[in-house]
Protein chains: 6
Amino acid sequence: MQTLVGTKKGQIYHLEINRPKQLNAMSGQLFQDFKAAVDIINQTDDVRVVVLTGRGKHFCAGLDLKEAPQMFQFPDELDQARRSIRIYDLIKDWQFAMTSLSRIRVPVIVGIQGYCLGGGIDLITSADIRYCSEDANFSIKEIDIGMAADIGTLQRLGVQNANTSLFRELAYTGRIFNAQEALQLGLVSKVVKSDQLNDEIFKLAETIASKSPVGCYTIKSIVTREQNLDSHLDVMARTNMAMLFTNDMATAITASMTKGKAEFPKL
Amino acid sequence: MQTLVGTKKGQIYHLEINRPKQLNAMSGQLFQDFKAAVDIINQTDDVRVVVLTGRGKHFCAGLDLKEAPQMFQFPDELDQARRSIRIYDLIKDWQFAMTSLSRIRVPVIVGIQGYCLGGGIDLITSADIRYCSEDANFSIKEIDIGMAADIGTLQRLGVQNANTSLFRELAYTGRIFNAQEALQLGLVSKVVKSDQLNDEIFKLAETIASKSPVGCYTIKSIVTREQNLDSHLDVMARTNMAMLFTNDMATAITASMTKGKAEFPKL
Amino acid sequence: MQTLVGTKKGQIYHLEINRPKQLNAMSGQLFQDFKAAVDIINQTDDVRVVVLTGRGKHFCAGLDLKEAPQMFQFPDELDQARRSIRIYDLIKDWQFAMTSLSRIRVPVIVGIQGYCLGGGIDLITSADIRYCSEDANFSIKEIDIGMAADIGTLQRLGVQNANTSLFRELAYTGRIFNAQEALQLGLVSKVVKSDQLNDEIFKLAETIASKSPVGCYTIKSIVTREQNLDSHLDVMARTNMAMLFTNDMATAITASMTKGKAEFPKL
Amino acid sequence: MQTLVGTKKGQIYHLEINRPKQLNAMSGQLFQDFKAAVDIINQTDDVRVVVLTGRGKHFCAGLDLKEAPQMFQFPDELDQARRSIRIYDLIKDWQFAMTSLSRIRVPVIVGIQGYCLGGGIDLITSADIRYCSEDANFSIKEIDIGMAADIGTLQRLGVQNANTSLFRELAYTGRIFNAQEALQLGLVSKVVKSDQLNDEIFKLAETIASKSPVGCYTIKSIVTREQNLDSHLDVMARTNMAMLFTNDMATAITASMTKGKAEFPKL
Amino acid sequence: MQTLVGTKKGQIYHLEINRPKQLNAMSGQLFQDFKAAVDIINQTDDVRVVVLTGRGKHFCAGLDLKEAPQMFQFPDELDQARRSIRIYDLIKDWQFAMTSLSRIRVPVIVGIQGYCLGGGIDLITSADIRYCSEDANFSIKEIDIGMAADIGTLQRLGVQNANTSLFRELAYTGRIFNAQEALQLGLVSKVVKSDQLNDEIFKLAETIASKSPVGCYTIKSIVTREQNLDSHLDVMARTNMAMLFTNDMATAITASMTKGKAEFPKL
Amino acid sequence: MQTLVGTKKGQIYHLEINRPKQLNAMSGQLFQDFKAAVDIINQTDDVRVVVLTGRGKHFCAGLDLKEAPQMFQFPDELDQARRSIRIYDLIKDWQFAMTSLSRIRVPVIVGIQGYCLGGGIDLITSADIRYCSEDANFSIKEIDIGMAADIGTLQRLGVQNANTSLFRELAYTGRIFNAQEALQLGLVSKVVKSDQLNDEIFKLAETIASKSPVGCYTIKSIVTREQNLDSHLDVMARTNMAMLFTNDMATAITASMTKGKAEFPKL
């Protein structure tokens, strides 16, 4: 694991995203590291609970757009269908990585401060418990690069969310929402003063670590049997086999980087 | 379209229910017009978002009860099963009409003021985003005419609602609930001062219109794949093949019109 | 029915848990009585609504742990698989008992005061409408006896809950949560001053009793078709065929009774 | 049990339908007896397998039409919806009775000779293994009394059948089909000479009785988790709440009894 | 209807595909005509059963490849995602057309002679009963134009087929299979001498027409609730949004027309 | 891969089980090798189809019982729940291995000769096409070691099989069935003379290899989306967490090895 740091403290395993200079943006390496982390943690002796945090001022700035262009470089001889198959494999791989937290067999608590954008939300929706600090800011950012959130957010937060109106507004606009709205949305269950976030999540972790491991294992084994989740993720990946091949993405990314206004052609 | 007015303003399509004297109550014509609106909008050049509002002081007073008696007039020679088949076809047709907003391929925003009763709620649950003014008043009114909400409310708002206790209370009692409770229920995502409702929803519409159409299309194509919705609607229609043939309906409607108290026989 | 008292008041059927000295804890008899109550109520003439309350200061303290040891006494000659089959049968029987309120064909309102712990929550999640008094205190207590809530709570409240983070925190920690959090969680829809709880729920019951019985029957027949509930309950029972055979349970119960700290071996 | 005879022979429980004069036609009593048989057998010491046969020349002639008229006698004051609720309860009760064989926790083998009509097919589809004699004759007879097979045949044999064309032909025409077609349809797995049927099924029963009871229990517990069976049965019952109220039924039954030709009005 | 001929004979509606010179190949017009036929038949007075046949020596030669190139002509300015959206709409429209037979509310019998290829199989899988003559020849032909059967065959015949090995062999190879194999596959339920096909299907039609219309309606309303069919069709359409954009299609079609051997690049 | 041999012949990948002295029985190593084979094949350049055969006279004798005892050796300090968790992990791992053939992205053809027992059937049910020689013999053997087939057979062949009676007879009795019955059961699609099996499957492989890779990929991507397969496999694994802890297994295995008669205690 190059981008994650793991430390065992008593029966608590502390996992940290460690790309503070890049605001913990998600690189291809980070996806691989999350998959690796599952095996490491499940095989570490006597872990009872996992705490996930991000080093630096921000939890996670979403996908590392610097790596995006490579995703779309294909040998010239590939026709569209063959390119789409490669994109499908990539999405499935990333979806699997973003489901890592639910494959860890003990409860996973996340503490969020600063920005939690795009892929950052995909990631935390697969955790068990989410607390954030007062200054946290969230965005289902994918629309701003011309796509839909395809590695977990729409499939978890969207499917089970009671306020579909609020959820869809956030997905369609990509606007920033703060800690209180995250609470209303059910994305976090507690908003904590910034300097107390660490204390609160570790205190919670200790409480859970003191409970019966068999009881906790059983609860997790039941609550992570989400309704048709695999099917929802697969349908998303199939849809994006075609939808990611749009000039809107380049247009949107350029506008975002130059702070200009994007002009998109009609459908 | 006789009961709906459509206007294209830039890339925003404004759809208005236009029966203000009848408090925008739903007539058979209105159902047909909603179905027609889907095709019109999907074929209009370069629509990016739809805004739905109701003309006059109220958004929608629900089914137009004046038309109800005709629904239950059958040729004498039809036995009960044959009458039920006709009612089934009618319910399916109305359910299809009330799903119109989700078949429009761009996001649909609804702004609600005044009363939004019965069928009005069925209608808006198939929109993407719902804002209301402070003075809005809602009621899952169907119980007051002796029936269950069979064209969307129970099947959408009921299935995904996290506070089943609140939802069922509203469905069993038909009581009026205000904007704040609608927010708590997840029926709307924002309550706005009455004189600002129009501004707010058009501002939101403009934001969405500025986003990638491919991105928005993809989000909508995923979020409208609601869990087993067709099956839920169909089971409801089959149940009401029998349940609508009750004297309770006449009793309830009469009491409602005469402001008297209804006396229903036991089951 | 030895542990339940039923009284018909007009068209309202008042069902009371009547083990106040045991804080209305659930004994084997209570499970059987709930199953019996369904038939009694469904066959009582002209019942339009049911109100369920608990006598004494507390609504229900959860499973009566005094009876737990007997559950795990088996003839010596039974191997593990054969013991697990007996436990499976027991869990299925209890699950069926805890689903009683949804089999009553009229709406069921519950009023909760004081403690509502463990099995008490399983029970009320199968009711239609839940009000509590300001002093109510809840706990998904099962983790504190080393197990998962296997007779309804995880399968109803967990599956449909929009704030999965809050729900899981409560399930993993077993901590007490108060009336306001119960409201946020969607477990109750109204918090009432303690001395008004009775008035409120009976007033609500009267409202519902005045509505069309056919309408109410239809609503209940639709809203209780919960998504794959039977399958979720069955998977839980199969999982606990093995998981209940853990020393953690004895360790946890002993610690709980002696107010000591439980030490559990690792997985 | 008045209409069923049960005998334990070693570890084999032999259950016989005992209304030979009525060609083992299904009376209301027979439905109740099948429900009772489940508890009796599951509680009988050391039963390893069940064999079900019919006394006399025929396995089962289907519903006892003599009892049908009573089903449709209602107090005059009941409106249609209230009558439909009673019919729904009746269908659900009969469906539950016809699922009895799958609730017996050991494998159930059926041997069929002579006629197996209508409800007889509903019944045997819930068994594990079905053999018939060469002279067996089957019919999905319900269409000949103006209705659809609503207590198991359409929901089990129809859902899993690979030759939908053959299945639907049999359901729409109600024509007699013989042992070979039953084999092709997958309704039976072996056709046996008439005088060997008894020997064959008891030989098979002995083989199964000699196997591990835990192994057999586990297989049955898995293979009887049929895909959405409860939901299919429920939708059927809701549909027939209305569809059984047709004059076609009287017309068809009269024609059938008088060997006349039925004339039905159009839909 | 330009490509279909409809004739009412007593209570039987005879629908004929009428493009004998094109071997009844499916043109865009034919798809539209099937959709129209549903409304015409459902509104024709007193139709009790439908018989579908193809005029000429062959039942249906599959998609009319002459029209295929137009499908893939798009305005130059459309990027890949926008082209895929158009293809998705086209597939959904054709899927809807190919589901027409199941939307007709009375039973539909198909008689097949000569070739029944590609789209011809998609079509008949949505009928109720299928008979063929001894000389009938079938092929799941789509693989020979470089694609998967996306308008019904994989989704109906594939999902419910008991011999997955046979089904997949036929789908992967596109080889011709004869009447006996069609019977084994469950695609037809009866093989008839060529000169008797017409007699047999009309005799069957008369039998069904003599049955209770309410009974037949109820059976059809239940057996056409196929497990997740809409979802399967939708997933197929989403997959082919990308997969139809392959040079393999042109390569395969050219090879097929020139009787040459196709050389496809690797994935 | 120690127990599998892979050879690329043109565009056909030939995979052989290579434990002929052990009749190709499945060892723990074999499970790991199947998982490895998926990656190897999917990454080998230009594979269009896979052929799987077993070296020696028999295709596969099922689980290698010599390894079974180790599975059930646990550290003494583990209580039953903790042992069950380990068994659950093992079953899931084996299920995943037995699903390997469906994860290979090109069609997989299996040729079966001699014995194909127990786990051998689990394995081939995840292939696309299955041919066998005339002398092939099959058995769903698991019942003879006191358990249910938990790594694919019940979940694939059982769920989709039209002749449930035949399938269950084979599962409950474990009796040998020959090539013709395998054909009737839908387990194979063709029975071939023994000396022609190899020719036939490679001829079939060549045909498939000549087809469009995009077409074949799309078909496989659709037909392997089996209805709730993951859920069925998971429920099986949870059930066997308890059921594998039975003395029946030792009793059955001993009897099987000593050719004695097993005596099992009652449930």
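Q: What rotation superposes chain E on chain F in this predicted model?
A: Copies are superposed by least squares on the C-alpha atoms of residues with pLDDT of at least 70 in both. With 0.0 Å of shift along the axis, chain E falls on chain F at an RMSD of 0.0 Å. This is the relation of a three-fold axis, and the C-alpha of Ala162(E) is the nearest to it in chain E, 3.2 Å away. The rotation is 120°.

Q: Which elements give two or more residues to the side of chain F that touches chain A?
A: Residues are in contact if their C-beta atoms, placed from the backbone, lie within 7 Å. The contact takes 6 residues from chain A and 5 residues from chain F. Helices are DSSP runs of H or I with at least four residues, and strands are runs of E with at least two, numbered from the N terminus. In chain F, the elements are α3 (80–98) and α10 (213–223).

Q: Which residue in β3(A) is the bridge partner of Glu16(A)?
A: Strands pair if DSSP finds at least two bridges between them. Strand β2 (residues 12–17) of chain A and β3(A) pair in the parallel sense over 6 bridges. The partner of Glu16(A) is Thr53(A).

Q: Which residue in β4(A) stands opposite Val51(A)?
A: Strand β4 (residues 108–112) of chain A pairs with β3(A) in the parallel sense over 3 bridges. Opposite Val51(A) stands Ile109(A).

Q: How are residues and chains labelled, and which pLDDT limits apply?
A: Residues are numbered from 1 along each chain as its sequence is written, while chains are lettered from A and ligands numbered from 1 in the order in which they are written. In this predicted model, totals for chains, interfaces and linings use all residues, local features need pLDDT of at least 70, and side-chain atom pairs count only at pLDDT 80 or more.

Key
Contact = placed C-beta atoms within 7 Å.
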